[in-house]
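Me: I would like to learn how to read a structure. Please take me through it one feature at a time.

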Amino acid sequence: MYNVNSLKAEEFIDNQEILDTIEYAEANKNNFKLIDELLEKARPVKSGDGCVCKGLTHREAAVLLACDDKTYIEKMFKVAEEIKEAFYGNRIVLFAPLYLSNYCVNGCVYCPYHMKNKHIARKKLTQEEVKAEVIALQDMGHKRLAIEAGEDPVNNPIEYILDCINTIYSIHHKNGDIRRVNVNIAATTVENYRKLKDAGIGTYILFQETYNKKSYEELHPTGPKHDYAYHTEAMDRAMEGGIDDVGLGVLFGLESYKYEFIGLLMHAEHLEAVHGVGPHTISVPRVKHADDINPDVFDNSIPDDMFTKIAACIRIAVPYTGMIISTRESEDVRREMLKVGISQVSGASRTSVGGYTEEERPHDTEQFDVSDQRTLDEVVHWLMDTGHIPSFCTACYRAGRTGDRFMSLCKSGQIINCCHPNALMTLTEYLVDYASEETKEAGFKMIEEELKKIPKETVRKTAEENIEAIKNSNRRDFRF
Ligand code: SAM
């Protein structure tokens, strides 16, 4: 029985409710009066200095997703863009994944780390190797990482993950810093989530892979990940352990996208209902080719235009949530996705264990094929060319603005006086310390223009002074 407040996976992700929603959406997909009302409801509305957005329920959003009328799809894209602009402006946050270990005891059929894969080289970074990877990442200009590991209680116990986090935060090479470590590791206990929280992590990310229990069990035939309830209830345990920034995602291509879309929104509604705060981020990965994995065997692959529509509908339904697109996707796909609400992208990613210290992109321990293989400098320059401010900001969680405090900043419209200058200051750091001459030139031009948009004079003045200080000294890490 569907119950958004229940702590039981099968009640807050109720199969029947998803099937009924698919049916309801199908019945209403040409109900343009309803669709107009929904788009109107979802639009940002001015409120004081800021804006508010109502979002949509999973039932309402499913109607938008089902609608295949071209004119209405264009309208959806416009509303998604308006929402992104209202809450996140033109900033795009950059990060990179750091693969710590590909040892894994699970049997996930789409992942090359699965236990039966005997030809993939198994590797786990030592702390010295973590240090070398972090230096390579800092030398590119990265400030924010997402650490990744397979699930293996012997090779990758929580103590190993915690050691790696400590190592990462302790390294300051030249003017480099990793200021936010997000963590993407298997579902674990409340006690372990508390340890991660105490280690100072940013977001705890866990992809659901699929919300469909039957498919989930088939796709995860062996290992601890087989337990659907334990996996699906992980975010509740993470919240109980004190982590209030959690990141959801499904691996598109495994199951029907309609089912996944509704499941994802029901999960977001559940977190909001029970913990008072929805997901900090939603990721939208698609299954890729990998060692021992042929994505064509999964018959739910989605074409690019549907993928963009899914992203737009997520943006409309969950307006305050950050949305992430990785280098699994090509430059072209990422460009389209940026238009409909993506707020974070990875850059120059290597999905192999120890990949950043190798000259050539190594394949032997790689998790999946990377489509966008540009350097960080190329991605930064491209973002600016497409009208976005590349941001290396990590200020919010370091200033305690996590969970509902981040969301209220978002809703109050203060982002323009806070995130905007932070983005410009961290971009300055990047330009001064790491950028090519062409990127520098384009970047400083952009910063000059963007500074003018800061409405509060005191904030603008401080930002300008800080930017000058970054240019003329080794002083770093200014933030509002
Ligand atoms: N081991 C952790 C867990 O069980 O959730 C997560 C770490 S794994 C390195 C990160 C994510 O990569 C997985 O959650 C999965 O969605 C994704 N992934 C696995 N195989 C993939 C493939 N062939 N193509 C694209 N993404 C894949």
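Me: What do the buried residues of α20 pack against?

Reply: Contact means heavy atoms within 4.5 Å. Here the buried residues of α20 pack against α18 (419-433) and α19 (437-451). Helices are DSSP runs of H or I, at least four residues, numbered from the N terminus. This is a predicted model: local features need pLDDT of at least 70, side-chain atom pairs count only at pLDDT 80 or more, and totals for chains, interfaces and linings use all residues. Residues are numbered from 1 along each chain as its sequence is written, and side-chain values use heavy atoms, leaving out hydrogens and water.

Me: Which residues of α20 are buried?

Reply: Buried means under 20% relative accessible area, exposed over 50%, and partly exposed in between (1.4 Å probe, protein chains only). In α20, Val-459, Ala-463, Asn-466, Ile-467, Ala-469 and Ile-470 are buried. They cover an arc of only 160 degrees around the axis, which puts them on the same side of α20. That arc is taken from the directions from the helix axis to the C-beta atoms. On the other side of α20, Thr-458, Glu-465 and Asn-472 are exposed.

Me: Where in the chain are Glu-60 and Lys-41?

Reply: These two side chains meet in a salt bridge (2.8 Å, N to O). The pair links distant parts of the chain: Glu-60 is in helix α4 (residues 58-66), and Lys-41 is in helix α3 (residues 32-42), 19 residues apart. Glu-60 is buried, at 19%.

Me: How many disulfides does the structure hold?

Reply: A disulfide is a covalent bond between the sulfur atoms of two cysteines. The cut-off is a pair of cysteine sulfur atoms within 2.5 Å. The structure holds zero disulfides. Cys-396 is in none; the nearest cysteine sulfur, that of Cys-419, is 4.8 Å away. Cys-396 is buried, at 12%.

How values were computed: Helix = DSSP H or I, 4+ residues; strand = E, 2+ residues; numbered from the N terminus. Salt bridge = Lys/Arg side-chain N within 4 Å of Asp/Glu carboxyl O.
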